[in-house]
Amino acid sequence: MAETVLILIVLTNLRLLGASRLGASIRTVAVQGILLGALALLAHGAAPTWGAVAMAVIGMALKGGVFPWLLFRALRQADVQREVEPFVGPIPSLLAGIASFGIAFWLSRRLPLPGGGEGLSLLVAVALFSILAGLFLIVARKKAITQVLGFLVMENGIYAFGVGLVRESPVLVELGVLLDVFVAVFVMGIIIFHINREFEHMDTDELATLKD
Amino acid sequence: MIPFVNILLALTLAPLMLGVINRVKARFAGRDGQPLFQAYFDLARLLRKGAVYSRATSWVFRAGPIVGLAAVLVTTAIVPLGGEPAPLPFPGDLVLLAYLLGLMRFVTVLAALDTGSSFEGMGASREVTFSALAEPALLLGLAALARQSGSLSLSKMYAALDFGAWWQSGPVLALVTAALAVVLLAENARIPVDDPNTHLELTMIHEVMVLDHSGPDFALILYGAALKLWVLGALLVGLIVPVRTGHAWLDLAAALAGMFVVAVAVGVVESSMARLRLLRVPQLLVGAGALAALALVLSLR
């Protein structure tokens, strides 16, 4: 069961790498957030504590509901073309994704982890792959909004890593992380709007020519 | 006994798959559609006709349909249907399968280029581009299955599958199934990759290559295409309906039912989807390859 969820997370990452529409990308990230919440619930086994359930539900609501809403709002306000505009096209991105999954898989087999098992190795592989895919999205896409998505995917990867290794981190820490991510997405949404109002686009590579 | 029944079924029932697909499409469009056995009537009609050869063509053009049909006939001897092994299984026959399908495509492309028509050359170049992307998906998917079952022979790979295997390693099998389904659609020139109905449209791929073939040659090509659909369908059915009752004939019947379910599914896909833009097709095929590669990596555990 957990394995199926992990593979679905891998598929959402690949979908993100191959997507060419911003709306589809945002929805995919939302699905990934919900899958992560399910993963956290499954990791607790048959009888999860109330705190764990609450955290998973809050995470799902934030990543599956609030973030997509914020990002769609930013997209609407910025009133930009709905294409992704990659530096690296969808096909090379997909191939890079498969290659980085191979690397993540290989790495996860070699990493000495406390309490390691078959399931954990796959979870670590998926976490590393999410981090790599997020980095790739940040580097290889032009628009500021895809960089927010890349950041979210990276964060999801780190969260998955935590789910696998720590099982249950203190509620306070998790709440803090979620709040940080929320603020980050909120602020980035506003920044995208401002970049767009200032320069009439949100292509970050154009910002390289800024001089003081 | 059963292995040869396999071949016999492929030889006799392959054109019926086309009939089922057409029937499903007609039902979706609210028509009655052609008779179920229309493909057989077409074959009989074409075989009675004479062939017309352009003076610009050489023996390559005449050899194309024959070699193509021969290649796909050999594949029916190595692809199993139901739980029993195929008539000629040997370790590594999955590579032979890929190469035989490649040979069939190669001679079709050569025959198309031999006519000297620029239109057919265009179709040939597209066919080659897309199949170059579909082949990795097929091979990687089969490699994942080979790894899963620890055997390099198609018959043993598929014999090792049953519903228990789905329970144990469902994700890998599901990924391979998805990849093979895309390969089936792409290799058989079906929507969303190609539209088998368009005969004079600049975006078509497979149909354009066989425009100059007539009479018996065209019958061979049609029959070869039906057999190819049957063979790739058998690969898919072996995955999704691995019924193992212990009764060879029952397994075979289940697999046969599965074949026609696949035909209905192809018809549904064709009725409910539009063809993809040509630029999008490579993305779809590379996506299928990515799924197959993912399955292979997962099966390496």
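1. Two residues are taken to be in contact if their C-beta atoms, placed from the backbone, lie within 7 Å. The note concerns a predicted model, in which local features need pLDDT of at least 70 and side-chain atom pairs count only at pLDDT 80 or more, while totals for chains, interfaces and linings use all residues. Residues are numbered from 1 along each chain as its sequence is written, and chains are lettered from A, with ligands numbered from 1, in the order in which they are written.

2. Chain A has seven helices and zero strands, where helices (H or I, at least four residues) and strands (E, at least two) are DSSP runs numbered from the N terminus. Of the 212 residues in chain A, 42% are buried; a residue is buried if 20 or more other C-beta atoms lie within 10 Å of its own, exposed if 12 or fewer, and partly exposed in between. Among the contacts in chain A with a separation of 6 or more, 75% come from residues 24 or more positions apart.

3. Helix 2 (residues 22-43) and helix 3 (residues 50-78) of chain A have axes that come within 8 Å and cross at roughly 175°, the axes being lines fitted to C-alpha atoms, for helices over the stretch in contact, with angles that run from 0 to 180 degrees between N-to-C directions. The two helices of chain A are therefore roughly antiparallel to each other, a term for angles over 145 degrees. Residues including Ile26(A), Ala30(A), Gly33(A) and Gly37(A) in helix 2 of chain A meet residues including Ala56(A), Met60(A), Gly64(A) and Phe67(A) in helix 3 of chain A. By class, this contact has 16 nonpolar, four polar and two charged residues, with Ala, Val, Leu, Ile, Met, Phe, Trp, Tyr, Cys and Pro counted as nonpolar, Asp, Glu, Lys and Arg as charged, and the others, Gly among them, as polar.

4. Helix 3 of chain A bends by about 30° at Leu62(A), the bend being the angle between axes fitted to the seven residues ending there and the seven starting there. At 1.5 Å a residue, its 29 residues should span 42 Å, and its end C-alpha atoms are 40 Å apart, which agrees; the expected span is 1.5 Å times one less than the number of residues. Buried residues of helix 3 of chain A include Lys63(A), Gly64(A), Phe67(A) and Pro68(A). Just after this helix, Asp79(A) takes a positive phi of about 50°.

5. Helix 3 (residues 59-76) of chain B has 18 residues that should span 26 Å, in agreement with the 26 Å between its end C-alpha atoms. A kink of about 25° in this helix is centred on Pro65(B), and Pro65(B) is one of its buried residues. The cover over the buried residues of helix 3 of chain B includes helix 1 (2-28), helix 4 (93-114) and helix 9 (215-240) of chain B.

6. The contact between the chains takes 11 residues from chain B and 15 residues from chain A. On the chain B side, helix 7 (163-187) and helix 11 (281-299) each supply at least two residues, and helix 11 gives the most, with eight.

7. The loop between helix 7 and helix 8 of chain B holds Ala189(B), whose phi is near 55°, a positive value in a residue other than glycine. Ala189(B) is buried, with 20 other C-beta atoms within 10 Å. Pro192(B) is found in the loop between helix 7 and helix 8 (206-209) of chain B, and a cis peptide bond joins Ile191(B) and Pro192(B), with omega about 10°.

Terms used. Angles under 35 degrees count as roughly parallel, over 145 as roughly antiparallel, 65 to 115 as roughly perpendicular and the rest as oblique.
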